[in-house]
Amino acid sequence: MLFRSTLAIRHEAVSLTRNVTDRANHLAGRIEHVHYLGAQVNIDIRCGERQLTAIAPSGGADWSAGDSVFVCWPAEAGWVFNATGQRL
């Protein structure tokens, strides 16, 4: 039996990298859009059927649409919720 769940990750804990090393929690994706917004950059990333938005400070890594990327986060930065919104 399959159960539907949602993973919520604190955006400030998400990091982007071009190469994954020993980070257990990650998704592979491709950058679709980069939006420069003054002090920060919003980066839209396609990970399979899902789209994520990462927020990064301006002046960091130089990301471009079409770049392959890994979205990484520490386990303590994520929460899992069931289909009714109850935290698991």
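**An antiparallel sheet and its links**

Strands β3 (residues 26–37) and β6 (residues 68–72) run antiparallel and are joined by five bridges. Within this pairing, Gly-29 has Val-69 of β6 as its bridge partner. The model described here is predicted.

The β3–β6 pair belongs to an open sheet of five strands. Their order is β2-β6-β3-β4-β5, and the pairing is antiparallel. The edges are taken by β2 (15–17) and β5 (50–57). Each edge strand has a single partner, so one side of each lacks a neighbour in the sheet. From one strand to the next, the twist averages 45 degrees. In general, strands of a sheet pair through backbone hydrogen bonds.

The chain as a whole contains seven strands and zero helices. Read from the N terminus, its elements follow the pattern β-β-β-β-β-β-β. The C-alpha trace spans about 45 × 25 × 25 Å along its principal axes. Of the 88 residues, 20% are buried. Among contacts with a separation of 6 or more, 59% are between residues 24 or more positions apart. The accessible surface of the chain is about 6,300 Å². Carbon and sulfur atoms account for 53% of that surface.

Two salt bridges were counted. One joins Arg-18 to Asp-67, with the closest N and O atoms 3.5 Å apart. Arg-18 sits in the loop between β2 and β3, and Asp-67 in the loop between β5 and β6, so this pair ties together parts 49 residues apart in sequence. Arg-18 is partly exposed, at 41% relative accessibility.

A salt bridge also forms between the side chains of Arg-46 and Glu-32, at 3.3 Å from N to O. Arg-46 lies in strand β4 (residues 40–47) and Glu-32 in strand β3. The two residues are 14 residues apart, and the pair links distant parts of the chain. Arg-46 is partly exposed, with 29% relative accessibility. Glu-32 is also partly exposed, with a relative accessible area of 29%.

The surface carries a nonpolar patch formed by Leu-7, Val-80 and Leu-88. Together these residues have about 280 Å² of accessible area. Leu-7 belongs to strand β1 (residues 5–9). Its relative accessible area is 45%, so Leu-7 counts as partly exposed.

How values were computed: Residues are numbered from 1 along each chain as its sequence is written. This is a predicted model: local features need pLDDT of at least 70, side-chain atom pairs count only at pLDDT 80 or more; totals for chains, interfaces and linings use all residues. Side-chain values use heavy atoms; hydrogens and water are left out. Patches are made of residues with over 30% relative accessible area and no salt bridge: like charges are joined within 9 Å, nonpolar side chains (Val, Leu, Ile, Met, Phe, Trp, Tyr) within 5 Å. Accessible areas come from the Shrake-Rupley method with a 1.4 Å probe; for residues, only the protein chains shown count as cover. A salt bridge is a side-chain nitrogen of Lys or Arg within 4 Å of a carboxyl oxygen of Asp or Glu. Helices (H or I, at least four residues) and strands (E, at least two) are DSSP runs, numbered from the N terminus. Buried means under 20% relative accessible area, exposed over 50%, partly exposed in between (1.4 Å probe, protein chains only). Two strands pair if DSSP finds at least two bridges between them. Axes are lines fitted to C-alpha atoms, for helices over the stretch in contact, and angles run from 0 to 180 degrees between N-to-C directions. Contact means heavy atoms within 4.5 Å.
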